[in-house]
Amino acid sequence: MSVLLLLISALILIYVGIGGTTAAVVMSIATLIGVFQDEWHIASVLFGGLFLALALILVIPSELRLDKFSRPLLGWVRSRLPKLSSTEEEALKSGSVDWDGELFSGKPEWSKLLDSRPAHLTSEEQAFLDGPVEKLCAMLDDWKITHEHYDLPEKAWKFIRENGFFGLVIPKEDGGMGFSNTAHSEIVMKISTRSVSAAVTVMVPNSLGPGELLMHYGTDEQKKHYLPRLAGGEEIPCFALTSPIAGSDAGAIPDKGIVCKGQWNGKEVLGLKVTWNKRYITLAPVATLIGLAIKVYDPESLLGENADIGVTCVLVPRDTEGVHAGARHLPMNTVFMNGPTWGTEVFIPMDQVIGGQEMLGKGWTMLLECLSIGRSISLPALGTGAGKVASLATGSYAYTREQFGRSISQFEGVQEALEPIAGYTYMMDAARLLTSGMLDRGVRPAVPSALLKYRNTDLMRIVINHAMDVVAGRGVITGPRNFMARAYNAVPIGITVEGANILTRSLMVFGQGAIRCHPFIVEEIAAAGMEDEDQAAKKFDGIFYRHLAHTTRNALRALVLGLTGGLLESVPAQGNIKSSYRQLARFSAAFALMTDVTLLSVGGGLKAKQRLSGRMADCLVQLYYASAVIKQWHEEGYPDDQLPVVEWCLQTCLRDLQDSMREAIINFPVPALRWPLRLLVFPLGATGLNGPDDKLGTRVAASIVKDTPLRQRISRGAYTTMDPEDSLGRVLNAYKLANETADMRSRLHEAIRNRDEDDLDGIALLMGHQRKELVDWACAEGVVKADECEKLEEALTALYDVIRVDAFDEEGLKALSRCAKGKRKVVERPAAE
């Protein structure tokens with residue numbers, strides 16, 4: 001009885017989070033009662049002794065606890081905490097924590113998610129989308145852009161410059177549009193559904209570029225001079241970070257600036273002699289203003305005793321003597337301006353350091369802050385746009401394409417591919433909007449930006465691959481009719497740039513998030529790094545026992561919620577998705593427990609355990625995306641028609657979350673901890689979360705096939721056209737006509753099936769391409785009414801036109817070759833590369 005009393009007391013106290021002296025007193029009383037009742041039963045002594053020891057640690061005088069417990073523990077913790085490089089320390093200081101911190105806490109407060117201000121557009125922003133953005137999309141022909149001109153048309157360049165597309169986020173007082181981050185995301189997404197090349201052209205100056213850096217860090221003079229010129233398109237910017245020998249490891253960039261004196265506009269001034277060799281730089285071939293990330297050195301001590309000043313961001317006008325740019329890379333059949341830039345000992349004054357001389361050495365912090373913004377918007381919007389156009393086009397194609405007298409959308413194999421196209425597109429959109437809403441509230445989401453970039457571009461790949469499977473041969477033939485080829489070609493670009501996905505998943509998402517979002521680790525690292533041992537021990541003493549209680553609580557929560565299916569957890573009632581809330585709460589506790597165990601057992605070796613880090617990153621991704629789906633459904637008022645896709649998303653996230661956590665546990669690098677972790681996280685086994693069943697999958701697949709508000713919601717924000725001469729317009733026009741003539745075509749198919757099998761001529765007619773003859777027969781037989789015949793023929797012609805592909809004769813191929821002549825020249829680079 002005493003053991004049970006002790007156990008219940010301890011579990012309740014830990015589970016509800018009561019700590020400190022209160023917990024110590026209650027556990028002590030329970031221990032003494034139990035011991036006397038059981039006449040010093042050995043189990044009571046052992047179990048009670050453990051709790052009494054813990055209680056005494058909490059209530060003994062702080063000085064005694066410091067000497068006997070905290071100081072030795074501090075030494076042990078120092079040996080376990082990860083060692084951080086200077087760039088990693090800067091990364092931890094940059095950005096801010098929002099919903100990601102709740103997920104790491106182990107007990108997310110759902111009200112913080114549901115009550116947070118959502119992403120939204122002002123009337124002015126919506127008008128820009130409906131006006132200039134729509135007009136820009138209409139003037140883009142992606143086939144001509146990528147296969148004939150290898151560039152945007154001049155009218156598009158002019159339109160972009162004159163209508164403020166390069167100044168979307170620059171404040172109005174500086175000549176820009178002053179739009180929100182959500183508007184920026186929506187604009188990029190819509191353009192990307194028309195042309196990836198045009199979308200990248202617009203998004204780069206508004207994300208990582210001189211404009212963003214100048215807005216946050218520029219001097220008043222720099223802002224006054226450059227921001228209006230950037231906003232008005234007088235200056236075309238680029239920003240160069242990547243070097244041939246330092247791609248993902250930005251801290252190892254070899255590009256340098258030497259502090260010296262030189263001539264600028266006829267005067268001798270203090271400045272930098274800059275040498276750089278960069279590649280993969282978007283807009284570099286046409287940029288008039290080049291931003292650079294370099295390392296600055298002061299060998300002559302012109303600024304002080306520190307010779308190694310550090311990473312710095314500078315601006316170099318393109319017309320400065322010694323600057324080289326203009327050659328182009330061609331990224332995977334997209335033709336946005338991208339290329340190398342280099343220069344040797346190019347002199348610039350200190351005025352060209354972004355933020356002025358006082359910002360020397362602070363470039364890495366500047367870049368991290370801006371990267372978290374750009375990474376949250378640009379590529380996630382691009383991935384979502386690809387999902388939306390795939391949903392529109394592939395759903396339409398599947399409905400209009402017929403085999404064996406039936407729409408292929410009715411085939412289960414096709415539905416199996418349509419299902420993730422619809423579900424993942426909704427999921428990508430929800431995560432995009434959750435994160436842009438954070439940005440609009442002033443959050444700088446360092447961790448969500450990394451996981452969003454990784455996951456949305458990865459889902460883009462999955463969605464486009466499924467779309468290609470559905471359209472099959474229609475999707476693999478190059479030509480102006482192909483509505484999927486350019487998105488398919490662009491997939492590797494999103495996967496690779498702004499931090500390759502392998503790096504982002506295996507090092508950044510969990511590696512930084514485990515420290516950045518943890519409620520105690522940052523403070524413990526700070527205590528461990530203090531030189532004053534007494535102060536370090538005191539600071540550590542005030543943190544560590546709270547951390548211990550936090551870990552214990554999450555271990556208990558994971559166990560109890562795992563045993564009960566989360567039934568003890570209080571969750572919101574809206575939407576009737578309590579089971580999903582409860583499972584997410586359960587896995588949040590398990591994730592927090594796994595985080596603590598990983599940091600304490602693996603410690604500084606985490607960087608080398610990239611499989612573990614990657615699996616933990618996947619757990620966080622699923623927690624975040626499920627939260628985003630809930631938030632999005634909440635903001636739209638819980639419409640019933642969205643419930644199937646919401647349930648599909650939540651069930652998919654929970655299944656994948658369970659699988660990733662299970663893989664992390666069974667492969668945990670400390671074998672002795674595998675069994676205890678499995679017992680705590682999966683006390684009943686890793687079962688029950690099997691993902692969507694076939695019935696739900698069929699409903700989700702139908703959501704992009706049937707002409708319903710849900711189909712419109714999933715594709716919301718994509719550019720659409722009904723022009724039958726346009727690659728996308730052709731299939732959307734056919735879809736419209738197919739819906740309008742569904743009853744006529746059903747009657748026609750029924751009549752065909754009932755024809756006399758001996759009528760060989762009639763059968764040959766019906767199996768051929770003579771649509772007019774077929775319609776004439778249907779009219780003559782009374783299958784369709786006289787006033788329906790013209791509409792039916794128009795629909796059948798459009799349906800046939802959808803399945804046609806492009807073919808080039810010899811002269812046509814020669815014409816394409818002539819268009820490309822001279823534009824694929826391989827430019828020799830300096831020996832430095």
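Reply: One definition before we start: buried means under 20% relative accessible area, exposed means over 50%, and partly exposed is in between, with a 1.4 Å probe and protein chains only. This is a predicted model, where local features need pLDDT of at least 70, side-chain atom pairs count only at pLDDT 80 or more, and totals for chains, interfaces and linings use all residues. Residues are numbered from 1 along each chain as its sequence is written, and side-chain values use heavy atoms, with hydrogens and water left out.

Me: Is Asn333 buried, partly exposed or exposed?
Reply: Asn333 lies in the loop between strand E6 (323–325) and strand E7 (338–349); strands here are DSSP runs of E with at least two residues, helices are runs of H or I with at least four, and both are numbered from the N terminus. Its relative accessibility is 27%, so Asn333 counts as partly exposed.

Me: What is the phi of Asn333?
Reply: Most residues other than glycine have a negative phi. Asn333 is not a glycine, yet its phi is positive, at about 65°.

Me: And which loop holds Ser301?
Reply: Ser301 also isn't a glycine and has a positive phi, near 55°. At 42% relative accessibility it counts as partly exposed. Its place is in the loop between strand E4 (289–297) and strand E5 (308–317).

Me: What is the mean pLDDT of the protein chain?
Reply: pLDDT is the predictor's confidence in each residue, from 0 to 100. It stays under 50 over residues 822–833, where the model has 15 contacts beyond four places in sequence (contact means heavy atoms within 4.5 Å). In the chain, 85% of residues reach 70 or more, and the mean is 87.

Me: How many of the residues in the protein chain are buried, as a percentage?
Reply: The chain has 34 helices and nine strands. Among its contacts between residues at least 6 apart in sequence, 76% join residues at least 24 apart. Of the 833 residues, the buried share is 56%.

Me: How many residues of helix H12 are buried?
Reply: Helix H12 covers residues 196–206 and is mostly covered. Its buried residues include Val196, Thr201, Met203 and Asn206.

Me: Which residue's side chain makes a polar contact with the side chain of Thr425?
Reply: Thr425 is found in helix H16 (residues 412–440), and its relative accessible area is 0%, so it is buried. Leaving out residues up to four places away, it touches Gly387, Lys388, Ser391, Pro420, Val463 and Ile714. A polar contact is a pair of N or O atoms within 3.5 Å; within protein, one must be able to donate a hydrogen and the other to accept it, and residues adjacent in sequence count only if both atoms are side-chain atoms. At 3.3 Å, the side chain joined to that of Thr425 belongs to Ser391.

Me: What does the side chain of Ser407 reach at 3.1 Å?
Reply: Ser407 lies in strand E9 (residues 406–407) and counts as buried because its relative accessibility is 7%. Beyond four places in sequence, it touches Ala398, Tyr399, Arg401 and Glu402. What its side chain reaches at 3.1 Å is the backbone oxygen of Tyr399.

Me: What angle lies between the ring planes of Trp99 and Trp110?
Reply: Rings of Phe, Tyr and Trp (its six-membered ring) pair if their centres lie within 6.5 Å; planes under 30 degrees apart count as stacked, over 60 as edge-to-face and the rest as tilted. The structure holds 14 aromatic pairs. Trp99 and Trp110 form a tilted one, 5.5 Å centre to centre, with the planes at 45°.

Me: Which ring does the charged end of Arg711 sit over?
Reply: A charge sits over a ring if NZ of Lys or CZ of Arg is within 6 Å of the ring centre and within 35 degrees of the ring normal. For Arg711, the distance to the centre is 3.9 Å, and the ring is that of Tyr735.
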